[in-house]
Amino acid sequence: MRKFKLQVQVSIDGYMAGPDNAMDWMTFPWTDDINAYIEGLTKSVDTIVLGRRLAEGFIPAWAAGPEGEDQESIDWMNNTPKVVVSDSLTESPWENATIAGGDLIETVNDLKSRPGGDLITYGGGTLVSSLIAKELLDEIHLFVNPTALGAGLPVFANTGAYQQFNLVGAHPFDCGITAMHFEPKRS
């Protein structure tokens with residue numbers, strides 16, 4: 001069965017976005033060591049899963065070829081099929097993206113049961129919280145930036161459940177970010 005991974009930038013105090021969804025706190029530019037790590041993380045991935053609100057900015061930004069990104073990364077982001085989780089959209093306004101609505105557990109289990117490589121999500125606050133709460137993720141990769149925000153959008157917001165995770169690895173990078181790889185403890 002395919003694995004479902006979360007990769008998300010996070011502050012040291014657990015926020016994936018600052019107040020008013022600010023993203024100006026993230027560490028850039030990245031160094032070669034973090035780029036190599038991400039390449040290894042995404043090597044097995046053949047589908048990107050996004051929440052609708054994130055997709056509205058994410059897909060057009062990558063289609064425009066973000067400044068500072070290498071062409072290989074831009075091509076991978078644009079060429080990898082995307083599934084946008086949404087109950088408000090019935091068809092995709094984006095190239096190379098399909099819409100999946102309805103019950104999140106059924107949607108994710110259907111995606112994971114299909115043949116192919118792994119799945120990855122980069123977030124969307126509502127989607128991440130729901131995936132964590134419903135225990136649908138197989139790997140959590142927190143890219144911890146050396147910044148405390150004090151408030152904002154937490155990664156583990158309103159999950160309503162006590163959950164334990166195993167630390168698989170921690171990888172500090174020259175740019176100051178540390179990747180922390182967790183897997184849920186399952187009985």
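## Basis of the description

Because the model is predicted, local features need pLDDT of at least 70 and side-chain atom pairs count only at pLDDT 80 or more, whereas totals for chains, interfaces and linings use all residues. Residues are numbered from 1 along each chain as its sequence is written, and side-chain values use heavy atoms, with hydrogens and water left out.

## Salt bridges

Seven salt bridges are present in the structure, a salt bridge being a side-chain nitrogen of Lys or Arg within 4 Å of a carboxyl oxygen of Asp or Glu. One of them joins E139 to K3, with 3.3 Å between the closest N and O atoms. This pair links distant parts of the chain, 136 residues apart: E139 belongs to strand β7 (residues 139–145), and K3 to the segment before β1 (4–11). Helices (H or I, at least four residues) and strands (E, at least two) are DSSP runs, numbered from the N terminus. E139 counts as buried at 6% relative accessibility, while K3 counts as partly exposed at 37%. Buried means under 20% relative accessible area, exposed over 50%, and partly exposed in between (1.4 Å probe, protein chains only).

D138 forms a salt bridge with R186, their closest N and O atoms lying 3.3 Å apart. Here too the pair links distant parts of the chain, with D138 in the loop between α5 (125–133) and β7, R186 in the segment after β10 (178–184), and 48 residues separating the two. D138 is buried, with a relative accessible area of 15%; R186, with 43%, is partly exposed. A network of salt bridges links K112, D138 and R186. Within helix α2 (residues 52–63), R52 and E56 are four residues apart, which means a separation of about one helical turn. Their side chains meet in a salt bridge, at 2.7 Å from N to O. Both partners have intermediate accessibility: R52 is partly exposed at 25%, and E56 is partly exposed at 41%.

## Aromatic pairs

There are six aromatic pairs, where rings of Phe, Tyr and Trp (its six-membered ring) pair if their centres lie within 6.5 Å; planes under 30 degrees apart count as stacked, over 60 as edge-to-face and the rest as tilted. The ring centres of F58 and W62 are 6.4 Å apart with the planes at 50°, so this pair is tilted. Both residues lie in helix α2, four residues apart, about one turn of the helix, and both F58 and W62 are buried.

F58 also forms a stacked pair with Y122, at 5.6 Å centre to centre and 20° between the planes. The two residues come from distant parts of the chain, 64 residues apart, F58 being in helix α2 and Y122 in the loop between β6 (118–121) and α5. Y122 is buried, as is F58. Elsewhere, Y37, F143 and F173 form one aromatic cluster.

## Surroundings of H141

H141 is located in strand β7 and is buried, with a relative accessible area of 3%. Leaving aside residues up to four places away in sequence, H141 touches K5, L6, Q7, V8, Y37, L41, M180 and H181; contact means heavy atoms within 4.5 Å.

## Pocket and cavity

On a 1 Å grid over the protein atoms alone, a cavity is a set of points where a 1.4 Å probe fits but cannot get out, and a pocket is an open set with protein on both sides within 12 Å along at least five of seven lines; lining residues have an atom within 4 Å of a point. Grid points are joined across faces, edges and corners, and a volume is the space filled by probe spheres set on the points. The largest pocket has a volume of about 1700 Å³. It is lined by 49 residues, of which L54, F58, W62, M77 and Y122 are the closest to its centre. At least two lining residues come from each of β1, β2 (15–17), α1 (32–42), α2, α3 (71–79) and α5, and α2 supplies the largest share, seven residues. The lining of this pocket divides into 22 nonpolar, 17 polar and 10 charged residues. Ala, Val, Leu, Ile, Met, Phe, Trp, Tyr, Cys and Pro count as nonpolar, Asp, Glu, Lys and Arg as charged, and the others, Gly among them, as polar.

There is one cavity of 30 Å³ or more. The largest cavity holds about 50 Å³ of space, and its lining consists of L131, I132, E135, L136, L137, I140, Q163, F165, P184 and R186. Seven of these residues are nonpolar, one is polar and two are charged.
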